[in-house]
Structure formats: C-alpha cells, structure tokens
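Work through the exercises below with the model open. Try each task before reading its solution.

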Amino acid sequence: MSGHRSVGRLLRENAVILLFLVVTVLAIHPSGLSLTYIGQEMLTRLGRDSFLVLALLLPIYAGMGLNFGMTLGAMAGQFGLILAINYNILGVYGLVFAALASLPVSLVMGYICGVVLNKAKGREMVTGYILAFFINGIYQFVVLYLMGSVIPMHNKAIVLSRGYGIRNTLNLDNVRLSLDNLLPFHLGVFTLPIATYLVIAALCVFIIWFKKTKLGQDMRAVGHDMHVAESAGVPVDRTRIIAIIISTVLATIGQIIFMQNMGNMATYNAHDQTSFFAVAAILVGGASVKKATIPNVFIGVILLHVLFVVSPGAGQKLFGEAMIGEYFRQFIGYGVIALSLVLYAWRTRRETERLREGLRGGAQGAVAAEGGAK
Amino acid sequence: METTDTLLSLQNISKDFYGNVVLQDVCFDVRRGEIIGLVGENGAGKTTLMRILFGMNVIRETGGYRGKVCIDGQEVHFQSPFDALDAGIGMAHQEFSLIPGFTTTENIVLNRESMRPTVFNDVFGDRMSVLDRPLMKQRAAATIAKLGVNLDPDTLVSEMPVGHKQFTEIAREINREKTRILVLDEPTAVLTETEAEVLIQALRKLAASGIAIIFISHRLHEVIEVADRVVVLRDGVIVKDTPTEGVTVRDIASWMVGRQVSVERAEEEVRSFTEDIFSVSRLWVDMPGETVKDMNFTVKKGEIFGIGGLAGQGKLGIPNGIMGLFPAGGEVRLHGKPVPLNQPRLALEMGMAFVSEDRRGVGLLLEESLEWNIAFTAMQIQDKYLRPVLGGLFKIRDEAAMRDLTLGYIDILNIKCTSPSQKAVELSGGNQQKICLAKSFAIAPDLLFVSEPTRGIDIGAKRLVLDALYKYNRELGMTIVMVSSELEELRSICDRVAIVDEGRITGILPPTAKLEAFGLLMTGERVSQTSKGSADA
Amino acid sequence: MNGASIDPKVKTRRALVRAVLAVVYLGLIALVFSLGKGHTIILDNKDSDDGSIKALESLTVSVDGQEPIDLSSGDRDMAKVHGQGHQVEITVKDAQKVTHQVHVPLGEDMVLLSLPALLSGAPSSLIPFVPKEIAAPADDQGNNNSFTSPDAPAVPGAPPAPGAPVVP
Amino acid sequence: MRSLKAFGAEFGWPRIIIFLFLVALFFAAPTVGVRVDASLSDVFNRFGQNALFVLALVPMIQSGCGLNFGLSLGIIAGLLGATLSVQFGLHGAVGFFGAIVLASPFAMLFGWLYGKLLNKVKGEEMTIAMYVGFASVMFMCIMWLLLPYSAPDMIWGYAGKGLRTTISVENYWIHILNNFGVVAWGPFFRFPTGEILFVAFAAFLMWLFLRTKTGTAMTAVGSNPDYARASGISVDKMRIISVMISTMLGAAGIIVYQQSFGFIQLYGAPLAMPFTAIAAILIGGASVNKANMLNVVVGAFLFQGLLTMTPSVINSALQTDMSEVVRIIVSNGIIIYALTRKTKVTK
C-alpha cells in the first residue's frame, strides 16, 4: 500500500461521485436558482426518495447486485394506493391502508423475483430489469382491464369512462403530503417533512440492526462467496430470496411515500423509472454493485437531485432549450449507471491482474536472483 | 501416544469410475490422537478415498463404493459432507474455503455463530437472532489457543499471509465441538518452511488433545516428522502401512513410485540424438498453481522428452507458458530462432502444437462437431480446409475436406463416435483426448507438447494414446515434449525424463534410471538433503 | 440449525404468535379503514318532507371543530370528514351552542344530516344521500401514448415524449 | 408421448405455445371479420421491417457477447445516416442507399468503441450494454436539438432549429424497397418483394460470413474462448468484429424500417427497439449463446405475426385493445425464459 498508489486507488474508487460533483457544481450557477430554493428541494426530495433507495441495500449485501426488480414493489405500492383512493381513505390512514393492502402482493412479487433471480445467477441485474417489464405487463392487465370489470370498483370517479380500467392519472388529494405534513416543522425558511424523516430513520435503524442478525451475517457470507457459504451449510438460495422479498416490500412502502409527496400518480408510468432513479442515486452516492452503505444513499439522493433540479434551468440558460436539461438529466442518470457498472467490472479485472502481477514479480525476482548467482 | 481405541476404520474400500479402478481393498485404522501420514503419487487415489470418507456426491453419482467405513465400530453411510461433519470428521482443503471479506473470527465460527434470540424469532424464525460477537470472539480465541498459533481474531482473511489462512481453515474445523478426526490435504504446500514448522507443532498439540489427524502431503520429510504412522497408496492399493520410526524419505519415495503394471516400456533400446531442435533458458511462467520460476533445458530433434514431477511444482506451466497461454518470460528457441512468448498464434505458426491438460476447458469445443474440433486450428493457422465461393470473393469452410480429415483420424486413432458431426461433449474421455491429439497432428507440427495425455482416462485408452504418440514420433519423426504426473508412462515411452520441483528442473534422468532416484528428485529432497539432511538420515 | 430441529413447545408458541399476528394484521386494516374512511356530511336546513319539522331561520354549524358554516332557512352545505363518530356544534342565533354526536355508517360516502331534525331530536335526522350524477371528468388518455402503437412500443424506463415532465 | 415431451423440452414450450397461439389467431381471424390476406400482407411487411434488427443480434450471440441490448447504438448511427441523406436532399434509391452509406462510418466507429468497452467488462456485457444504449440515446436526444440540421422538412417550424420527433420521408425514399417489384394480389394483399429480397440478401451474406475463416473463429470464441485463444485467435478482436457487424446491421435495419414505416422517429424512439428484436430471436429458438439464420427468420415472423394479429383479432373479438399488454407480456416473458435457462455465463 505505497502512498501514491493508495491515493490513486482512492480517486479511482470515487471516480463517479467526484465526476458528478464537478458537473453539478458547474451546473448550479447557470441554472439561476437560489440556494434556498435548491436547499428546500433537497429537503423535500430526501424525504421523497431516500426510502426507495434504501430498499436497494439488502440485495447488494447479498451479492445480487442492484435490484432492478424493486419496480415490482413499486407496482404493488401503486396497487395499494389505488385501493386506498377507491375506498376514499383519507390522510395517513390512507397511506397505512395502502401499505397494508399491498403487503401480500409485494410479498408474492418478491418471492417470484427471488426465485427467478436464483435461476439466473450471474445475470441478476439484467434479468431483474426484464422481469420488471414483464410484471409491468401483468400490472397493466390487472389495472387497465380487470379493475372495474372483474374487480369491482367502489369509486367510479377513478374508472375510465368506458366502464373499466383505472384512469391514466390518479389524483391523490386524499393522501397528498399527509405524511410529510403530519408533524409540520419549520426551520428558518425551510419546511422539513419530519414524520417522513422519522420513518426513514426507523428504516436505517432496522437495516443496521438487521446486519447484526444471523440472517444479516448469512447474507454477507452469501454475498462474499456463495460456494463457501453453501459448503458451510448456509441455505444460499433461501437467503437470496429473503433479501429480495425484504427489498421488494421496502420498495412498496417507498413508492407509497414517494407518491404521497408527488400528490398524483401516473397509473401506468409512475413505476417505470423507479428503479432507474434509485439505482442512479445509490451509484452516484459512491456505492458499487458489491458494496453500499447508508451514507451512500443520502449522498447519492442529494447529489443526483441537485443536478436534476438545476439541469433544466442550466439547459435553458446554456443552450436556450429547457428540453436539453430534461434530456441531460436522463442522460446523466443512465450514463452514471453505465459508467459505474463499467468501472466496477473493469476494476475487478484490474484487481485480479494486480494479484497475478505480484505472483509474476516473484517469479522474475527468483530468476534475477539465479542470474546473480550464476 | 500409546492409545489403542480405534476411531475410524476403513475396510476393503474399493471404487471404480466406469470400470476405471482407482481404489482396491483399501483398509486402515485411525486411532484416537494418532497422526496418519497418507502419501502417494497424483492419481494414486488419495483424493477419491477422502471423497468417499466425506460422502461427496460425485461418489454416489458414479455408482458408490464397495467396502465399509466405520466410526467407533459402527458402519456409517454419509449422504453428504454435512453428515461427515456431524459424525466429527473435519477437512481443511487445499484451496481455502474461507470468506476473504470476513475476519478470522467470522470464518472460524462461520454458520455456527453464537446468537442471542430476539422477539422476532417467534415470528420469522431463529435466523432473526442477533450475533453475540464477544462470545464468538472468545470461542475463536479459545480455538486458536488450542491450536497454539498466534492469529489475530479481528484481521480480515484477505489481509492475512497465506499461512494464517491455512491455520484459520484448520481452526474452523476443530472449532466444531464434535470434530475428532481432522483431514488435512496438502496443508503445507502453500506454507514457508517456518510456517510449516509452526503448523506441525500445532498438529502435535491437537493430536495430544485426542484428535486424530490424517495428514496428506508430498513433503515426505514433514510426513516423517509429524506422523506416527505412514500409509502409502499406489494405484489405489495400499502398498505400505507402517510406523514412521526408522523410515527414511528414500524408503517412502521408492514405495510411492514403485513399478506399476499398467504400462511397460515397449523396447529397452536407448536411442541417441545429435541435433538440438528446441532450447529453453531462464523461462518463467505465471500460471496459477503451476508457477515456473527458472527453467533451462534443450530438446533434441526426434526424441520424446518427458517432464515429470508432482502437482503444483510447475511442470504444467512449461508448455502453457511456451505456447503463450499464460504470461511468461525468458528465452525460448526453436530451430535456433527465438520463439515470441505470450502470443499463441506466433507459437503455432512457428510449427509447435500443444495438447492441453485441460481437455474440456482448453482442448475442445464441447458444443461443436468433431470436424470443427479437429480442423479448426489448421484452418486458422494454415488456411487449410477453406474453399473459394462467388468467384473467389469469399473463402468459406470446406465441409467436405473437413469431413475427410476427420474420418481419416477417426480411422487412424480409432476414435469411437457415431459420426464426424457428433458433438465433442458426447465422447468419452479417452476419445476426447484422441480428438485433441488429432487437432495437433492436423497442423503437422515440428514440435508437439503433450500435457497429461492420459489424465482421467481408463487404462485401455491410456495405452492407445501413448501408442499414437509413439507411432507419430517413430514414423513421422515428430519431436514430442510430454508432460505427465505419471512417472511410469513417462518412463515407458520417453528417451529422457526431466523432473520438476518448485518451478525448477531438479534433474534429467534416462528412463531406465532407478525409481528412488526419480522419487527423490520429485520430492525435492536433493534440495532438502543439503539443507536439513537430518530429516531422513 | 436454521430452525430445523426446534422442540415442539417452541413450535406451538411460534404457530400461536404467527396466528395472532395474522389477526392483528387484519384488525389493523379494519381499524385504519374505519378511522380513515372519508365521508361527506350534507348539512341541510330545510323543512322535512312531511313538513312536520320546519327549517330554522338561520343557524351556524361546525363539524369536528371545522370552519363554522352559516345556514339560513332552505340552505344546504357540506363538510368532509373521516371516521365514523362526529361532533356537530349548532348555534341557533342568540341561543347558546348545542353539541350533538352523530355516527356515520361505515359504508356511506355521503349522508344527509337534517339539522332541524337533529335539533328537534327526531330519530331520522341522518339519512344516506345518493347524489344524482357525479359528472365524470373526461378521460385523460394523453400521457398514454407510449403504449398505443406497436411501432412505438412502451419500454418502461423510456423517457416521455419531449415536453412531458419526468417524475422527479 | 415422451418424444413430444422431448421435442417440447428441446424446442422450448414457450415457443410452441406462441406458435400455436399465432396459428389460432389466423384461424380465428375470419370469424371476427378480420381479412386474412390483409393480415398476411401486414405480417410480411413488418417481417421485412424488423428482420434486420433480429439478424443484427446473431454475430454477438455467436461471439459470446450475449444479447445485444445496446443495439440502439447501431440504430442511432442509422438515424444519423437517414437524417443526413434527407438533409442533403437525396431522393429515391440514391437517398435510401445514400442513407446506408452515410450511416456506416458512424456504425463502424460506434461499434468499435462499444466493442472495446464490452471487452473490458466480460461477463457483465448485457446489463452494461443496455445502459450504454440508453445513455447514448439520451445523449443523441440532446444532439438532435443542437446539431445544425437545416432541411425545412426536418426541423421544428417555430424554433427554426432542432429536429422534429418524427420526420416523414414521404418525399424522399418512402417504400423504396417495398414498392420494388411489389406483388399485389386482390385489394388487400401486397407482398413487399424488394424489402424481403433485401433481407434475404443480408441473411445470405451473414450465412456466408459465419462460414468464412473469421466467422468460424468468431463462433469458436463464443463457444469456448480458451480453445480459441489456444488456437491463436485473438478473442478480443473477434468480439469487436462481431459488435461492429451487429452495429452496422442495426444501422441498415432502422433505415429499412423507416422506408417502410414512412417516418424517421428520433429522440426516445430507439430505446425500445433492441428489446423487440431480442424477444423475436429468442422466440425463434435462439439461446443466449447460440443463434442461426433459422432462428432469425422464424423468430421475426412469429413475433411480428403476433404483433400484427393480436391487435386486429383480439381487439375485434373483445372490443378492447389488449394488444399492447399481450406484447409486453409475451416479449419480456420470452426474454426472461431465455435468461433463466442453464447456460454457461460468458467468461
């Protein structure tokens, strides 16, 4: 571990996050947004997104990479919300109801996802991603065709005029901000969604505690080396499934929190980008496919969203096209994911290379020694 | 330690893989607190024996075994390694099964962690208990103490010297309250002299505490040093089972490699060659597990040059390095012209060919037809088996020519297959090996490297493969460098046999030399005699 | 390990705990439902159909301490509430405030509360109310573009057409 | 009975089911008043439109790079070619082939870079390819707005700059292939001879290529990289070649698609296309590391058939548009099926 190399390593390991900082800082000024505004946005978005991003942690611990399958959870959450709106249940009660109602669904979803991913070991990420599309099809089938025809809908106002299928955008007035404003709190010019923060804090505590449990330890073992864990008698597949189930359930709750903050829901598209934003966030926060921490989550959410907030303005200012900022943040999102996946894959290869180099060095050394002797 | 109560006894264990006998009527007992040194050449059956002992699946999948395994006098039938563990048998593997990201403690108590139940146990089951890390650390420390080595319970395995990994591995096995029998497969292979010393002390300590140890090793002086009794396996038969008092390394070596009946030398005439064709000097190869450190030798035109030695000593590294499959350096000359290293294509183009020891991994396109497997290299290197189409615009595969070629070799080497278009994966080991040979013959090399040509194929096929090599050498004057762990087959067809130990050639002998001579070179005793000859005096 | 061999006592206890938990789960849903269910109370100050009860000239009413509403005779207004039990405070001009408890049945979205009836303590002051026709807002197929033509298939993760805002 | 089972296991039940489903649709068509000939002509047309994309997947599957989720890169190159050809006001056959010619340098460049990248991340190709594809599409979205295109047919009228989301090739090279030697039969049936011929030709070239020395080496690389290396093949080079070919076919594919569809779709449009192509080849019986011409043709035909028939038949039967949902479920279902097969993960 000679000095300069470790510095270089440090830089390489945080390449993503550093790059991102630079871009963001550069974009802040042209956007022409006030820091207070950005600050308030951050406080809001921390509450809105953190829970979803935290849902990614366990599968990473279990060595299953980034759980693109979390979208399944998001869909379950929306299902619950639809029911809450349907029965016209107001406020926090509505949220709790949605969460409870969608629990069984997300458990099943999580189980399915876990089983499928176990069949695709080594390709979890791409499989999870496609699985999300697949389930999306089923979700649409249920919501767009069964609801109102097979599943009786109590509240006609949310059903399409053709008599079945839910409208494309749902108004969540009944539950809007009900959690964020549960414990209103003002700090100078800022308003903080304390209740939401408390829920998130609770989740963090849970995760920290969970890592101390036997199950958490098993997950780490499986994540580090499936075969060793297997040979030590850890039920690998089962553990992986559990990790995914928990992640899915968390995603469900996360989506509900997300939606209550947004205040209305694009019934058929809201979940499309859930995993995209969550994954981008955690990666921007400095996590990798194999390693992630709670700080990564919060750093990531803040960094990513500062950029998202400022980019349209910046785009407008720099190119005279607001859409450019719009596309730019999409580009950044996908780009970051691609980049850090590449860096990770590339780094692991480098790492093995390095180890072998060492071996070879030894060999050469021996040769040199012999040479000297001769 | 004069204890007589028998802990484990193996009675008339026999095992064959599809008619290929690897163990025959193996019997021996292990007593409480006794250290058994189990030695034998590669393929002598040590591994298989241990697999049987551990009830590994491979054994059942390949038709089980005959004979009895008894513990405390009762016969046992292990369905899985876990049963063996529960019965108190622990094994420390050659390649570590540790989790690098975990600490010593976590590895030692892996999946046997001490836990405190929580309220959630009743809801989600025992795995919701919280780890009791202090207690875990205590247990680990206790175990380490029992082993009598100094290991920090909190260092990550990934940051340990290899020796400590070995200790951790052993500690994990003896941490099981039940463990009474401990199997160590090549525990010292990766250790430095001093580490090995420490380990041996540790083992003595364990034995004293009543644990029986089966110590598998190639370092014979260590075996003599640590073991109470030495059991020598050869071709699946126990040729010797004797207390170590008064036994010398030389004795064991000769028992190990003693003449086998499987293959015998065709004719005793000694050929002499003049012209050098191939020379290697100061070659190093970075092949994991087979590192070549400083290799020097020359091969004469028309001879069969054998390279022997025990596993992991680097003999396999030689052809793999020269053919550019693993990073290598040094000076290699063919016909006096320097061979560019690390570039397989150029090596092939210079007229060398290589039959890899890793048949399924490197040697074959398992999912493709025999035609492909045999013709591919020739096609790529020498543009054979291509025909022009669209008025010479493209050149495409000449399926007909490939078929003829394949049929030719199927006939010459009498390869058993349904048709030339059969998939390689469907062939038996022996026939797959013949395909690999055919692939190399097809490019008519001046110099052919053959690595472990008979590994994992049955006696009959061995004979055929060796004959094929012999034939090509005699009839086409093809120079052959044959690398093998099986001394006898080297002696049966080679003109000279070099023995490799720890990445260097320890000596080159005529095939007719005395067995002990080979045995000693193999176990690197030439080195250790000078350094610490006391061991075997 | 892994709960493979646990003694039957523990087993039964766990079965019990889990059963209880299931019940709690259902109970919780029911509770949240009843507490959170939104109702619209239509407060009206009209003569009863049979004319037995006369509307009051003017009164002020407030439900669960919400913004007080003034109703003169023949007026009608409504209050949105959730849960079932509610406090209705009525102040008939220059008389002092009277407070009544009303209990809205769980199933009903809208109930009509006749204040005069309530004041006169008549039994049927609270009756279910069925709206004539809720004007259904027009469908908003707009954002749906991504899955209408197979030539531009929906791919979740695909960005919306230019102009449409993205989620965050 | 068990032979049927074996056949099913070997060919894959999902494929059989889809096939039977499609057949059923064709039989059901007349009963719900859908003209079979019209549908057939539609199927052929869409087959021609999409077959090249499916074909483009073959080289990378063969060379062990897996399913090319990054096909969008090729499509982008194609879009550049198409827009440039319109920009230069090229018409008719010149316009069409001009577009392909203009596209190919981009395709080669992108393919080369993309290939180099994939070589750095062996084993993780598919996930990374997908996101590289997405990212570059979004990047091009920005470019479409910024690049100095000026042909009035293409740019937003009001802004006077920036390309439109969809650009009609009506006055340039619409149906240039479809109408070449088109066979009309009755009022509804049109056989897009030119398009099909073009596809057939491309497929033939691919067939030929896979039999050349290089093509053989490529297949060997996919089948066992170590063997290939031991036989003196540069694995990385072969993989790059396969990626470049795939990318160039993607470019040509989108242009063929446009001349038939009549519009150049920019911005988000390329995002979805790799997925449909992948679903098609998998339905055709390909696996993650083996594919042949038969898989391409069968797959493209089955999948496009499905996409054509489900809307018309199901909708007129159930009086509702289920086609989209069916498409999503079928196409992604088949991809999942393929990904969860027991195949060795590429080294």
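Two strands count as paired if DSSP finds at least two bridges between them. The model is predicted.

**Exercise 1. A hairpin in chain B**

Find how many bridges join strand S19 and strand S20 of chain B, and in which sense they pair.

Solution. 
- Locate the strands. S19 of chain B covers residues 386-389, and S20 of chain B covers residues 394-397.
- Count the bridges. There are four, and the pairing is antiparallel.
- Pick one bridge. B:Leu386 has B:Arg397 in S20(B) as its partner.
- Look at the turn. Four residues stand between S19(B) and S20(B), which form a hairpin. B:Leu390 in that turn has a positive phi of about 45°.

**Exercise 2. A helix enclosed by the structure**

Determine how many residues of helix H8 of chain D are buried, and what covers them.

Solution. 
- H8 of chain D spans residues 213-223, eleven residues.
- Count. Nine of the eleven are buried, so the helix is largely enclosed by the rest of the structure.
- Name them. The buried residues are D:Gly215, D:Thr216, D:Ala217, D:Met218, D:Thr219, D:Ala220, D:Val221, D:Gly222 and D:Ser223.
- Find the cover within chain D. Helices H3 (36-62), H7 (193-209), H9 (225-230) and H10 (235-261) are included.
- Find the cover from chain B. The covering elements there include helix H14 (370-382) and S20. S20(B) is the strand that forms a hairpin with S19(B).

**Exercise 3. The contact of chain D with chain A**

State how many residues each chain brings to the contact, and which helix of chain D supplies the largest share.

Solution. 
- Count both sides. Chain D gives 30 residues and chain A gives 36 residues.
- List helices of chain D.
- H6(D) gives the largest share, 14 residues.
- The chain D side has 23 nonpolar, five polar and two charged residues.

**Exercise 4. The nonpolar cores**

Identify which residues touch the most other members of the largest nonpolar core, then trace the contacts of D:Leu57.

Solution. 
- Size the core. The largest has 424 residues.
- Name the residues with the most contacts to other members. They are A:Leu56, B:Ile213, B:Phe215 and D:Leu57.
- Trace D:Leu57. Beyond its neighbours within four places in sequence, D:Leu57 contacts D:Leu67, D:Asn68, D:Ser246, D:Ala277, D:Ile278, D:Ile281 and D:Ala291.
- Look for another core. One of 14 residues lies apart, with C:Leu43, C:Ile90, C:Val104 and C:Val111 among them.

**Exercise 5. Chain C from elements to sheet**

Work out how many helices and strands chain C has, and what strand order its open four-stranded sheet shows.

Solution. 
- Count the elements. Chain C has two helices and eight strands.
- Read them in order. From the N terminus they run α-β-β-β-β-β-β-β-α-β.
- Order the sheet. The order is S3-S2-S5-S6, with antiparallel pairing.
- Find the edges. S3 (69-72) and S6 (98-103) of chain C each pair on one side only.
- Take one pair. S5 (residues 85-92) and S6 of chain C share six bridges. C:Val88 is bridged to C:His100 in S6(C).
- Domain 1 of chain C is 1-36 and domain 2 is 39-128. Their C-alpha centres lie 43 Å apart.
- Check burial. Of the 168 residues in chain C, 21% are buried.

Notes:
Residues numbered from 1 in each chain as written. Chains lettered and ligands numbered in written order. Predicted model: local features only at pLDDT ≥ 70, side-chain atom pairs only at ≥ 80, totals over all residues. Contact = placed C-beta atoms within 7 Å. Nonpolar A, V, L, I, M, F, W, Y, C, P; charged D, E, K, R; others polar. Domains from an automatic or database assignment. Core = buried A, V, L, I, M, F, W, Y, C linked by C-beta atoms within 7 Å. Buried ≥ 20, exposed ≤ 12 C-beta atoms within 10 Å, placed from the backbone.
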